[in-house]
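Colleague: Please take a close look at one part of this model for me, and walk me through what pairs with what.

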Amino acid sequence: MQNSKRRIEQISQYAPLMLFLSIVALVLTIVGIISSNHQGSEQLERINHAIENISTVYLSNFPDHLDHINKYLAEEPSSISVCIDVFPYAIFSNPALFEKYIGNLMMLAKKGRTQINYVVYSPQIAQSARDSFLFSDYKTVSPPKNIRDSLFHNLLSQSQQLQSQYSNLKKYIFSHEDQDINQIFSNVNNVKEKYLITSYDHISWDDYCNMLTEISEIIDTSLGSFHPELVKINYSNKPSSVFYWLFDNSKAIYVFSDNITETAYRTIEPTLIHRFISDMNRKLN
């Protein structure tokens, strides 16, 4: 009994030291965790930095790559050059991304601090490109009207994806926090309502193409309305298999198109950037 009491007294003598050592161990553990997290954060930053400095990387397929384009536009580059087929890019496939994309472009144009160069297909080439996609099974891209409309409706009725996309195009209401830009989207909606007052299976292929043409004209006119001296638009009479967005002549997002899928990449490769710059200068002059 006395031995047990003596051992308890001995242990009690070391209690403050044990408590102190426990606190030290706890502090060291916390410091270790913080240091580990800090090192992990630094390592993650190094990985992200390395990824950013890879010359060319795959991004995504159409239309998701517009998300990456919008991030670059939000950085308010001093210059942006665009070479695509139509102004209402992705309005059919993803109206929300289209709205953000056009809204960002319009805000850059309105602020007047960004040089905007834009090359799109001429109306004739745009129509031809649409026809060749829709009528690829025909020897001519201009079959009779009843065949055009019938094939268009068959595609819509047979494809759930097309039905969903077309429904989004019809019902999506564009809006923007800026009053001037919101008016542009209101004008776009007026065109949509004019052509889409009936269900999708009542619109003709010609009316559908005319709708896209009228929306293109609205965007074309609006883009140069704020600071026309900073906006240069030209029309290409040759179709292209590569579309691109060039930011500050230092980085680009480009897509390969095969009329079925568009695959997007981001590049900072100087040789590629130089090719895009040369191509844009040639198409603008």
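Which residue's side chain meets that of R113 in a salt bridge, and what is the N to O distance?

Modeller: Happy to. This is a predicted model, so local features need pLDDT of at least 70 and side-chain atom pairs count only at pLDDT 80 or more, while totals for chains, interfaces and linings use all residues. Residues are numbered from 1 along each chain as its sequence is written, and side-chain values use heavy atoms, with hydrogens and water left out.

The partner of R113 is E76, and their side chains meet at 3.2 Å, N to O. A salt bridge here is a side-chain nitrogen of Lys or Arg within 4 Å of a carboxyl oxygen of Asp or Glu. The two residues are 37 apart: R113 sits in the loop between α3 (95-111) and β3 (115-121), and E76 in the loop between α2 and β2. (Helices are DSSP runs of H or I with at least four residues, strands are runs of E with at least two, and both are numbered from the N terminus.) R113 is exposed, at 56% relative accessible area, whereas E76 is partly exposed at 36%. For these words, buried means under 20%, exposed over 50%, and partly exposed in between, using a 1.4 Å probe and protein chains only.

Now for the wider setting. Side chains of opposite charge can pair when their charged atoms come close. The whole structure holds eight salt bridges. One of them joins E75 to K251, with the closest N and O atoms 3.2 Å apart. E75 is in the loop between α2 (65-74) and β2 (79-83) and K251 is in strand β6 (residues 251-257), so this pair ties together parts that are 176 residues apart in sequence. E75 counts as exposed, at 51% relative accessibility, and K251 as partly exposed, with 21%.

Helix α3 takes part too. K110 and D180 form a salt bridge at 2.9 Å, N to O. That pair links K110 in helix α3 with D180 in helix α7 (residues 179-195), 70 residues apart. Both ends are partly exposed: K110 has a relative accessible area of 27%, and D180 has 39%. Coming back to your residue, salt bridges with shared partners join R113, E76 and K111 into one network.

H176 is in the loop between α6 and α7. At 16% relative accessibility, H176 counts as buried. Beyond its neighbours within four places in sequence, H176 is in contact (heavy atoms within 4.5 Å) with E99, G103, M107, I181, N182 and F185. K100 is 76 residues from H176 in sequence, yet their C-alpha atoms are 8.7 Å apart in space.

The search finds 16 aromatic pairs, counted when ring centres of Phe, Tyr and Trp (its six-membered ring) lie within 6.5 Å; planes under 30 degrees apart are stacked, over 60 edge-to-face, and the rest tilted. Such pairs link Y58, Y244, Y254, F256, Y265 and F276 into a cluster.
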